[in-house]
Amino acid sequence: MAIRSSRGVGSTLGKISKNSKGGMNISQNMKEEKEVQLAKKLFSNINEYRIATHRRLDADAAFSTALILSLQKDPQPVIFIDSTDVITSDNIILLDLDLGENSIKGDVIGSCFGLLVKVMNRPYSGFRHDPVFYNYLLTIAEHLNRSDSGKNDFHSYLDPHYLIRWWRLAGLNDEEILRIIYLLFKGMQKSVEKEEEAQIYLKTYGRAEKYCMIVENPPKDAKIQKFVFRNGKEAYIYYNT
């Protein structure tokens, strides 16, 4: 998938104008509820929306945007905008930005990514996700919720903020960083699919004994063996008929 920035103003983007500093302040609860409703709307019809975020990606913007792209069937190029711009098109969702009704910032929960992951786990989101993949996302969300709100005490070199910093130092631009994280999420999803295939195959063709799993005509896939041992069996026995 080619990830490109889109900076032009056309009929599909709607009107882009400078953001006004005026307007009423809404309560934290109302703001979070608005963003939750917008995230529900996004997940319920995820392939219909295009994503915009700010230039010079930070960890929250990069991981949030890449997550949505990885879940879309045919993701469109991301729109990179300035923090003083507003996009008024209804089919564009702004991530890690606070620039109007179609924005998700997530500063109440701690991060935009954290809010997206939180909504994904709710039945009313309309999005069916795999629990294994979701657990991967929870780990990332925990990092971002704390570090993006200034409460980082993990001190892990796998922290998303460190990853962005190192990729920057390696000379990668916004589009290249986004593609790396996109591929990370796609790889996670593929791994989960392989696990599910192994589980289904073993239920169909395997026979579980106390200490081993006996499998008829197994495919040449190491995932099946790994799945057997990871689930407490000490031996993997197979035969061909």
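Reply: First, the naming: helices (H or I, at least four residues) and strands (E, at least two) are DSSP runs, numbered from the N terminus. Arg 56, for instance, lies in the loop between E2 and H2. And keep in mind that this is a predicted model.

Me: What makes Arg 56 count as exposed?

Reply: Exposed means over 50% relative accessible area. Arg 56 has 60%, so it is exposed.

Me: Where else does a residue other than glycine have a positive phi?

Reply: At Asp 96, with a phi near 55°. Asp 96 sits in the loop between E5 and strand E6 (103–104).

Me: Is Asp 96 buried or exposed?

Reply: The cut-off for buried is under 20% relative accessible area. Asp 96 comes in at 2%, so it counts as buried.

Me: Why is strand E2 called mostly covered?

Reply: E2 spans residues 50–54, and five of its five residues are buried. That takes in both faces: Arg 50, Ala 52 and His 54 are on one side, with Ile 51 and Thr 53 on the other.

Me: How do you know that E2 pairs with strand E3?

Reply: Pairing takes at least two bridges found by DSSP. E2 and E3 (residues 79–81) have three, so they pair, and they do it in the parallel sense. Within E3, Ile 79 stands opposite Ala 52.

Me: Which way does E5 run relative to E2, parallel or antiparallel?

Reply: Parallel, and three bridges join E2 to E5 (residues 92–95). Ala 52 turns up here too, with Leu 94 as its bridge partner in E5.

Me: What do E2, helix H2 and E3 make together?

Reply: A right-handed β-α-β unit, in which H2 covers residues 59–71. Right-handed means that, with the strands pointing away from you, the path from the first strand over the helix to the second runs clockwise.

Me: How do H2 and helix H3 pack?

Reply: Two packed helices are described by the angle between their axes and the distance between the axes. For H2 and H3 (residues 112–120), the angle is about 35° and the axes are 8 Å apart. Among the residues that meet are Phe 63 and Leu 67 in H2 and Phe 113 and Leu 116 in H3. The residues of this contact divide into nine nonpolar, one polar and one charged.

Terms used: Residues numbered from 1 in each chain as written. Predicted model: local features only at pLDDT ≥ 70, side-chain atom pairs only at ≥ 80, totals over all residues. Heavy atoms only, no water. Buried < 20%, exposed > 50% of the residue type's maximum accessible area, 1.4 Å probe, protein only. Axes fitted to C-alpha atoms, helices over the stretch in contact; angles between N-to-C directions. Contact = heavy atoms within 4.5 Å. Nonpolar A, V, L, I, M, F, W, Y, C, P; charged D, E, K, R; others polar.
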